[in-house]
Amino acid sequence: LTAEKFIPDPFQTNGGRLYKTGDLACYRPDGNIEFLGRIDHQVKVRGFRIELGEIEARLLEHPCIKEAVVIAREDRPGDKRLVAYLIGITEDAVDIDILKFQLRETLPDYMVPTAFVILDSIPLNANGKLDRKRLPQPDMSEMSAKHYVAPRTATEEILAGVWAEVLGVEKVGVEDNFFELGGHSLNATVLLSRVNNHFQLDIPLRAIFETPTISGLSMVIEELLIEKLEALSENEAENLFNQNNSVVE
């Protein structure tokens with residue numbers, strides 16, 4: 001452990017050592033050193049190495065946010081997500097939609113948290129440090145319920161069920177954005193596979209990126225079904241219609 005913390009000094013040749021603090025910093029062009037966060041707070045989400053302190057710094061630039069903590073949670077095995085915990089300066093609610101928009105202006109999409117939780121205070125342990133284990137699990141269903149629009153067709157009803165199962169939420173509205181509810185390229189593949197099995201189609205993966213809502217994907221499905229029906233004989237079309245009706249039931 002001593003050897004890990006007291007490392008050989010690369011700037012000296014007489015056997016000197018440096019203490020490895022675990023802080024992450026960089027030299028700025030003017031010669032000053034900028035503190036970026038902690039190396040041990042780096043996480044890897046879906047292949048991307050992320051510095052949580054950088055996200056927290058961007059959040060604290062918002063005039064209504066007093067404190068911010070970002071962690072990577074894996075509440076479902078294999079589904080790691082970034083979650084931001086915020087404390088506002090005033091009692092006025094922080095507009096999460098505007099906050100997400102501002103983050104996307106300075107951060108890549110994979111660094112924008114999936115969920116935002118407003119807290120009254122940050123939980124601390126006996127030593128006065130952040131107690132990450134006491135940070136609550138975000139309720140993804142609440143994010144959907146905020147702008148919930150119920151399914152209006154049989155196709156939307158099927159899609160809503162598949163989305164809820166893949167994303168692990170209670171219900172999904174037809175105008176909810178797949179990626180804002182925690183979706184990513186890996187579970188998008190699972191989603192499209194199940195949808196294609198339901199409707200016996202071959203929808204490409206890019207469709208979920210181009211139309212990331214149930215209402216949009218429903219239109220894509222209906223257009224493809226119409227094209228498929230037009231290419232079938234009368235008997236084949238009737239058999240396909242009966243199969244899709246049995247799936248809905």
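Me: Before anything else, what are helix axes, and how do the angles between them run?
Reply: Axes are lines fitted to C-alpha atoms, for helices over the stretch in contact, and the angles run from 0 to 180 degrees between N-to-C directions. Helices here are DSSP runs of H or I with at least four residues, strands are E runs of at least two, and both are numbered from the N terminus. One caveat: this is a predicted model, where local features need pLDDT of at least 70, side-chain atom pairs count only at pLDDT 80 or more, and totals for chains, interfaces and linings use all residues. Residues are numbered from 1 along each chain as its sequence is written, and side-chain values use heavy atoms, with hydrogens and water left out.

Me: Fine. At roughly what angle do H5 and H6 cross?
Reply: Roughly 145°, with the axes of H5 (residues 154-167) and H6 (residues 185-199) coming within 10 Å. Contact means heavy atoms within 4.5 Å. On the H5 side, the residues making it include Ile158, Val162 and Trp163, and on the H6 side they include Asn187, Leu191 and Val195.

Me: How many helices and strands does the protein have, and what share of its residues is buried?
Reply: Nine helices and nine strands. Buried means under 20% relative accessible area, exposed means over 50%, and partly exposed is in between (1.4 Å probe, protein chains only). By that rule, 37% of the 249 residues count as buried. As for contacts between residues at least 6 apart in sequence, 51% join residues at least 24 apart.

Me: How do I read a nonpolar core, and which residues have the most contacts inside the largest one?
Reply: A core is a set of buried Ala, Val, Leu, Ile, Met, Phe, Trp, Tyr and Cys residues joined through side-chain atoms within 4.5 Å. The largest has 26 residues, and those with the most contacts inside it are Trp163, Leu191, Val195, Phe199, Ile208 and Ile221. H5, H6, H7 (206-210) and H8 (214-230) each supply at least two of its residues, with the largest share, eight residues, coming from H5. Apart from this core lies another, of 20 residues, with Val43, Ile50, Ile55 and Val112 among them.

Me: What does Trp163 touch, leaving out residues up to four places away in sequence?
Reply: Its partners include Leu191, Ile208, Pro212, Ile214 and Leu217.

Me: Last one: what is the phi of glutamine 200?
Reply: First the background: most residues other than glycine have a negative phi. Glutamine 200 is not a glycine, yet its phi is positive, about 55°. Glutamine 200 is in the loop between H6 and H7 and is partly exposed, at 39% relative accessible area.
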